[in-house]
Amino acid sequence: MSSRTAIKIGTRKSKLAMWQANYIADLLDAGGFQPVLIPIETKGDKILNVSVSKIGSKGVFTEELEKMLHTGEIDIAVHSAKDLQSTLPDGFEVLAVCERAQAQDVIISDQELDLQSSETILGTSSTRRIALLKHYFPRIKTVDVRGNLQTRIDKLRTGSMHGLVLAYAGVNRMSYDSLIKHWLDLDKFVPPVGQGAIAVENHERLPDAAKTKIRSIANHLPTEQRVLAERAFLKGMDGGCSVPVFGHAELELDGQIRLTGGVVSLDGRKLVRRTMYGSSATELGSALAKEVLKSGGAEILVALRT
């Protein structure tokens, strides 16, 4: 009879979410746990006829999993770090952040694309991507496209659009690298907070011994520091996945964190982006948010919410 501790892992059902959950499960299995995957559909998975920004919840991909954490139906939940709201409900915490994949956006297609052509139509449901495309490639048209990665690619191949704007991490994890036609400049198309990283969330009911062991197995400290800075920035901006706020951190050779963040208006005409350096992730994120807000970001956010 196995003496290994069973760990129930909650995850969304999509192929990409299952890839991420299996990645965590493999780490925990190698670390002596007995992982059990429990896949569910979240509100964000069920409502596909409107954009995420119109569903009206900051936890569209996490709320159901957090309910299961609270009741003990699952022990941990695995998320794309970018799907986590900037402030978690009381009793919840990010237990571990895994080593990050490349964070930038890419454009995938079955054909060559001209990003300067007014004929080019790209699919995305992200307000950030739409606004940045309008800023840097104002001739391009966009259409809303929701669903998992495979569903979006199926929609692409119906001919209603010429390409899709996606996170490289998901494209790579689902083995679609051959479809990449453009890598979007990381300095211009700054990713959303947490993009490319996998987060493990838990509720305080999880025993301390299990927390300590899971964290020791799954957490990648350099990635965690970067994501903590980004999340502190997002919290300071009071933003979520429905607001075109972006933030990306890198670690410098001297151990300093370089954090770039900002916000762009939905029409792409106004963009505020700043970069700051610091050694404390949370202090840096908060300081950068204040700098962006006083540099014109506050006006953009007011306009977005009226």
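This is a predicted model: local features need pLDDT of at least 70, side-chain atom pairs count only at pLDDT 80 or more; totals for chains, interfaces and linings use all residues.
**Entry 1: two phenylalanines**

Next I looked up how the two rings sit. I learned that a pair of aromatic rings is described by the distance of the centres and the angle of the planes. In this model there are four aromatic pairs. One of them is Phe137 with Phe189, a stacked pair with 6.2 Å centre to centre and 25 degrees between the planes.

Where do Phe137 and Phe189 lie? I found Phe137 in the loop between helix 4 (127-136) and strand 7 (141-143), and Phe189 in the loop between strand 9 (180-183) and strand 10 (198-203), so the pair ties together parts that are 52 residues apart in sequence.

**Entry 2: a tyrosine and a tryptophan**

I turned to Tyr168 and Trp183, whose ring centres are 4.7 Å apart with the planes at 35 degrees, so I wrote this pair down as tilted. Tyr168 belongs to helix 6 (residues 168-173) and Trp183 to strand 9, and the pair links distant parts of the chain, 15 residues apart.

Are Tyr168 and Trp183 buried or partly exposed? Tyr168 has 9% relative accessibility and therefore counts as buried. Trp183 has 44%, so I filed this residue as partly exposed.

**Entry 3: a charge over a ring**

The charged end of Lys213 sits over the ring of Phe33, 4.9 Å from the ring centre.

**Entry 4: helix 4**

I went back to helix 4 and asked myself how many of its 10 residues are buried. Seven of them are, so helix 4 is largely enclosed by the rest of the structure. My list of these buried residues reads Thr127, Arg128, Arg129, Ile130, Ala131, Leu132 and Leu133.

I looked at the N-terminal end of helix 4 too, and Ser126 caps it. A side-chain oxygen of Ser126 lies 3.3 Å from the backbone nitrogen of Arg128.

**Entry 5: a glycine in a loop**

My last stop was Gly72, which I located in the loop between helix 3 (63-71) and strand 3 (76-80). Which residues is Gly72 in contact with, leaving aside neighbours within four places in sequence? I found Lys8 and Arg205. I also looked up Leu206, which is 134 residues from Gly72 along the chain, and the C-alpha atoms of these two are separated by 8.4 Å.

Terms used. Residues are numbered from 1 along each chain as its sequence is written. Side-chain values use heavy atoms; hydrogens and water are left out. Rings of Phe, Tyr and Trp (its six-membered ring) pair if their centres lie within 6.5 Å; planes under 30 degrees apart count as stacked, over 60 as edge-to-face and the rest as tilted. Helices (H or I, at least four residues) and strands (E, at least two) are DSSP runs, numbered from the N terminus. Buried means under 20% relative accessible area, exposed over 50%, partly exposed in between (1.4 Å probe, protein chains only). A charge sits over a ring if NZ of Lys or CZ of Arg is within 6 Å of the ring centre and within 35 degrees of the ring normal. A polar contact is a pair of N or O atoms within 3.5 Å; within protein, one must be able to donate a hydrogen and the other to accept it, and residues adjacent in sequence count only if both atoms are side-chain atoms. Contact means heavy atoms within 4.5 Å.
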